[in-house]
Amino acid sequence: MQWGKVKNILIAILLAVNLFLLGNFGMKMWQNRQDAQRLAADVEQLLSGYGLTLDDAFRLPRDSELPTLSLDRSRADEENTASAMLGAVTERIEQEDGTVRFAGADGTVEWQVDGTVQADCDTGAETPDGDAAALRLARRLFAAWGLQAEDAVLTAADGTVTMTGTVAGLPVHNRALSLRFYGTGRAALTGRWSFGTPYTTVRASGTPCIAADALLDFAARSEQKGCVLNMTVGYRMQTDSSRRTQLTPTWKITTDQGEYLVDCAKKTLIEQEE
Amino acid sequence: MNGADRSVKNTVKNVSLLLLVLLLGLLCAANWLSGVNMGQMPADSPAHRLYDSLYGGAFGYEVRSSGLAAAQPAQLALTVDGTLYGVQYNLNDVDEGMAAVRPLWAQVLADGALEAVSESALLAAIQAGDCAVLRYHGGIPLSAVAGWMGGTWKQGANLAAETLVYTAGSGTLFVRTADGALYAAPARAEEAALREAQQAFRGQPCSFAGETYAVYPESLLFEREMLSLPLLTVEPLDLFAPASGGLEGMLSAFEFTAYTDFYSEQNDQVRVFVDNVSTLRVNGTGLLQFAAAGEDSAVRAYNEGEVSGSAVLDAQLDCARQLLDNVLLACDTGTHASLYAAAQAQDKTTLVFMQMYGGVPLLGAQDFAVFTFERGALISATIRLQRFRASQTRRTVLPARQAAAGTSEEMCGMIVAYRMQDKTCIPQRFYWNHTAPAA
């Protein structure tokens, strides 16, 4: 047989197989889309029973399975940040609950075991005039203090700059730093932060994060009325019983009334839990 | 058809074939990915990581095979500038101390031939130079301790070590076992590792008891010791309360779901969850009893052929620790667990955990948690959950030096622990003679 004919036959077979696979894949995608639309309609109907509506732009996020991650507290990073903020640390006091307080000529820094930080220091620069200048100064100070974030987002309002960022590629809903400039070259830093790379273990199982379940649990438990604008899956920082910092999979649901956190595993509203 | 036309046609066919093969590969991958259950794929597999980065899952985190210790030391000590400094019964202090001495212990715990030695050998060694001490609650297999520190120990791997003393002067590792026996093996850490640990370690001045009192010579006696701990009150636990959210998390820890069939007993005080291979009996007030039909258990430390040798115990410890952490987190007990004993017989391993509040053990009439593994499968588990809250009242524990002075002639150890008295947990100093604690 000539090679030309062999190639023709091969092309025909490959075309047929590819068309079959394409059809199969397309069918699955179409089925998924139909299921998602049906689910969204059902959820909307159920939510209306609780007095909640979905915004026109709202789309149910894709379900996912996220591992609970752990973070080791880094006293070395905390001390480095304190040294950078204060110029030189003249006093270091560790309290019984794990809070470490640093003091220096330029101010004070306090780190708590759950990552909460409170600091007041001299910036060595003039107090910025306007939000744009505040953003520029904050970006420079955060870098100098070693407070870096993946996908860092800085926003400014009324002289206060807030920095958020992702950990393991996802937002941590209660991890943010606010830097307020005041007086003559002074700044107050507050918020919750973490250092280092999070980890899990090979045998750790993931937590299913199912958007529809979270929305319905939110509606049933919150007794909120209003419109759901969007929801995002991510993490929240919490300290477990052995004082290890955990990143727990959590939904953030934004409504026209405010923002709410729902634990993916327990299906509880965080305010209610705490 | 001339030669040039034939050549063009041939090239077109070749390119088409190549493109179709590439498309075939892509479509096969797309079909496979759309049908695969990512939840069942190992978190560290490249496919899982690719899927997560494509579809918004978590990525960029470390996946550790083990490494989280199932027990934290009760006491740590290290000689710095000729003076012994130590930390004890405080999670923060112990965490910080561990970070400083871990590299040193990783070098010390690098295997050796253990031999039974006399107390006088230990006494002589601790007076001969710099020392490092690690003391655990209960007897921890030496191989597990070595693994947590980053070292390895194979000879006498299952020896239940309670206290480890490294004497740099004599280059010896002493191991006090849970039954009070003393062993020693040659050990050597680099001078630089010792210096680095000494620079980073912070603690309170203390000394060895030596032969002054009827306690083990390596017992740490702190100068000006003022161990003040809060009294704990027991809060009622209702695992079935809808608002608690704990039941689902707890079921998930045992690989059950909220939809697993169950039946109630004792006026719904007890719920028994049953699936094809295992049963979980949950008492609303906190008693959990899990039983599985042998190797079919859904809770597994490892699958057949995945691990062997000392890694078997590591995997079982990891599985039990993780399960307990999840249960305690779900039920918000305010406590954590620490390994207390491990026993291996043929293919069965029994792990016993004690409940801890802020680094101090809570002693009860029964063990807090007991796990039994048959090879990789968890075949039974009992957990006695209790929720504690610290009260404003604090109690100062009898200093170790005074307690040591009050010992009888029989040599013993000393621990600080909570024990229940009239519905309140009170911290006290106990003598520990390896049969039962006595206040």
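In which sense do strand S12 and strand S13 of chain B pair, and over how many bridges? Strand S12 (residues 262–265) and strand S13 (residues 270–274) of chain B pair in the antiparallel sense, over four bridges. Strands pair here if DSSP finds at least two bridges between them; helices (H or I, at least four residues) and strands (E, at least two) are DSSP runs, numbered from the N terminus.

This is a predicted model, in which local features need pLDDT of at least 70 and side-chain atom pairs pLDDT 80 or more, while totals for chains, interfaces and linings use all residues. Residues are numbered from 1 along each chain as its sequence is written, and chains are lettered from A and ligands numbered from 1 in the order in which they are written.

Within the hairpin of S12(B) and S13(B), four residues lie between the strands, and B:Gln266 takes a positive phi near 50°.

Nine strands of chain B form an open sheet with antiparallel pairing, in the order S4-S8-S7-S6-S5-S2-S3-S9-S10. Its edge strands, S4 (115–116) and S10 (220–222) of chain B, each pair on one side only.

| Strand pair | Bridges | Sense |
|---|---|---|
| S12(B), residues 262–265, and S13(B), residues 270–274 | four | antiparallel |
| S7(B), residues 172–177, and S8(B), residues 182–186 | five | antiparallel |

B:Glu265 has B:Val270 in S13(B) as its bridge partner, and B:Thr172 has B:Pro186 in S8(B).

Helix H5 (residues 142–149) and helix H8 (residues 311–331) of chain B pack at about 75°, with their axes 10 Å apart. H5(B) and H8(B) are therefore roughly perpendicular to each other.

Key. Axes are lines fitted to C-alpha atoms, for helices over the stretch in contact, and angles run from 0 to 180 degrees between N-to-C directions. Angles under 35 degrees count as roughly parallel, over 145 as roughly antiparallel, 65 to 115 as roughly perpendicular and the rest as oblique.
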